[in-house]
Amino acid sequence: MPRITVPATSANIGVGFDCLGLALTLYAHFDVERADALEITGCDERYAGPDNLFYVSMCHALRAWGMAPFPIRLHIETDVPLARGLGSSSTLVVGGIYAAAALTGRELDRNEAVALACRMEGHPDNVAPAICGGLVCSFTPAGVAPEGCDNELEPEEPRCVCYDVDPSLRFVCVVPPYEVKTTEARRVVPRTIALGDAVWQMGRIAGVTRALETGDMDLLAAANDDRLHEPYRRALIPDYDAVRACVLDAGASTLWISGSGSTMAAVVREKNTDFCPISKGVADALRRQFPGFKVHILSCNTTGARVE
Ligand code: HSE
């Protein structure tokens, strides 16, 4: 029975709204085989039917290849929290596409997987790093629909630019016990920006990608200052200001909202990557101040989705 493993992702990473994303060492595992009838375990019962996103994605890939969908037995084991901005839906979309390939013996390259996944997700910033691993900047030749943020993608293949991430970086992800609805988080983002803000943003995207590659924390702290979405989304996360103050005080270099929230990711560079004392200090401070929140000390996943 193939086991498909897909990493969680942190999309946007501040200044890269709908473009940048980072794969993390937190995983969803899917054990899948052909069956006589659809059977899904390891998730809430309301997600255990034909509307399950993994199954919908698998059927979407099969139809795109001219094949008829078939029933499966699927068991889900995931550490990726649902609806918290760590790419849980992308793990299902990507997992379904890899399942379609694994169960039919079809060759699947990463570009095709990203293209299929983008058509389902609408924006590439979660699915591309979930497939490729590392830090990925993606864009579509035709861009996104200018009206609204609903991102009806043109049926053109997205382009992915992949970057390595300095292995001494840790991402301390703090997951509040409440959800921010992606639809609401997209609604509050202004549809147009001033030229000065576009200029502000472009320089900082280059700065953030370079800083993550090289581990230059001064550069990261200076460049991680978004003007497109974070100023509007902070208000949707009641603990944002307190979390930010807590992690910076405990030694993190900077903080971004992961995806559309509610998770926030603090970035730390460790000299001692065996013990990660700074990340542990940040995590302890968060756990003391926010006892109901989950805290994960994560690295960058470098492999992307895997089939075993
Ligand atoms: N780029 C997306 C957003 C990620 O910020 O809305 C969440 O799906």
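My entries follow, from the whole chain down to single residues.

**Entry: the whole chain**

I began by noting that this is a predicted model. I then looked up the secondary structure and found 10 helices and 11 strands. The radius of gyration of the chain is 19 Å, close to the 19 Å that the globule rule gives for 308 residues, so the chain is as compact as a globular protein of that length. Along the principal axes, the C-alpha atoms fill a box of roughly 55 × 45 × 30 Å.

I checked burial next. Of the 308 residues, 52% count as buried. The accessible surface comes to about 13500 Å². Carbon and sulfur atoms hold 51% of that surface.

I also looked at contacts between residues at least 6 apart in sequence. Of these, 76% join residues at least 24 apart. For charges, I found 28 positive and 39 negative. Their mean positions lie 3 Å apart.

I turned to helix H3, residues 110-121. Its 12 residues reach 16 Å from the first C-alpha to the last, close to the 16 Å expected at 1.5 Å a residue. Which residues of H3 are buried? I listed Ala113, Val114, Ala115, Leu116, Ala117, Cys118 and Glu121. The buried residues of H3 pack against H1, helix H2 (88-104), helix H4 (124-132) and strand S6 (159-163).

From there I went to H1, residues 53-64, where serine 57 sits. Is serine 57 buried or exposed? Its relative accessibility is 0%, so serine 57 counts as buried. Leaving out residues up to four places away in sequence, serine 57 touches Leu92, Val93, Gly96, Ile97 and Met120.

**Entry: proline 71**

Where is proline 71? I found it in the loop between H1 and strand S4 (72-78). Proline 71 has a relative accessible area of 28%, so it is partly exposed. Beyond its neighbours within four places in sequence, proline 71 is in contact with Arg34, Ala35, Asp36, Ala37, Leu38 and Tyr55. I also looked up glutamate 39, which is 32 residues from proline 71 in sequence. The two C-alpha atoms are 7.9 Å apart in space.

**Entry: alanine 206**

I found alanine 206 in helix H6, residues 195-214. Its relative accessible area is 47%, and the cut-off for exposed is over 50%, so alanine 206 is partly exposed. I then compared places along the chain. Alanine 285 is 79 residues from alanine 206, and their C-alpha atoms are separated by 31 Å.

**Entry: backbone angles**

I looked for backbone details in the loops. The peptide bond from glycine 261 to serine 262 is cis, with omega near 10 degrees. Serine 262 is in the loop between strand S8 (254-257) and strand S9 (264-269).

What is phi of isoleucine 13? I noted a value near 35 degrees, positive in a residue other than glycine. Isoleucine 13 lies in the loop between strand S1 (3-11) and strand S2 (20-34). With 0% relative accessibility, isoleucine 13 counts as buried.

Cysteine 276 also has a positive phi, near 45 degrees, and is a residue other than glycine. I found cysteine 276 in the loop between S9 and helix H10 (277-289). Its relative accessibility is 9%, so cysteine 276 counts as buried.

Definitions and conventions: Residues numbered from 1 in each chain as written. Predicted model: local features only at pLDDT ≥ 70, side-chain atom pairs only at ≥ 80, totals over all residues. Heavy atoms only, no water. Helix = DSSP H or I, 4+ residues; strand = E, 2+ residues; numbered from the N terminus. Rg over C-alpha atoms; globule rule 2.2 N^0.38 Å. Buried < 20%, exposed > 50% of the residue type's maximum accessible area, 1.4 Å probe, protein only. Contact = heavy atoms within 4.5 Å. Areas by Shrake-Rupley, 256 points an atom, 1.4 Å probe, with all protein chains shown as cover. Lys, Arg positive; Asp, Glu negative; His and termini not counted. Charge placed at Lys NZ, Arg CZ, Asp CG, Glu CD. Expected span 1.5 Å × (residues − 1).
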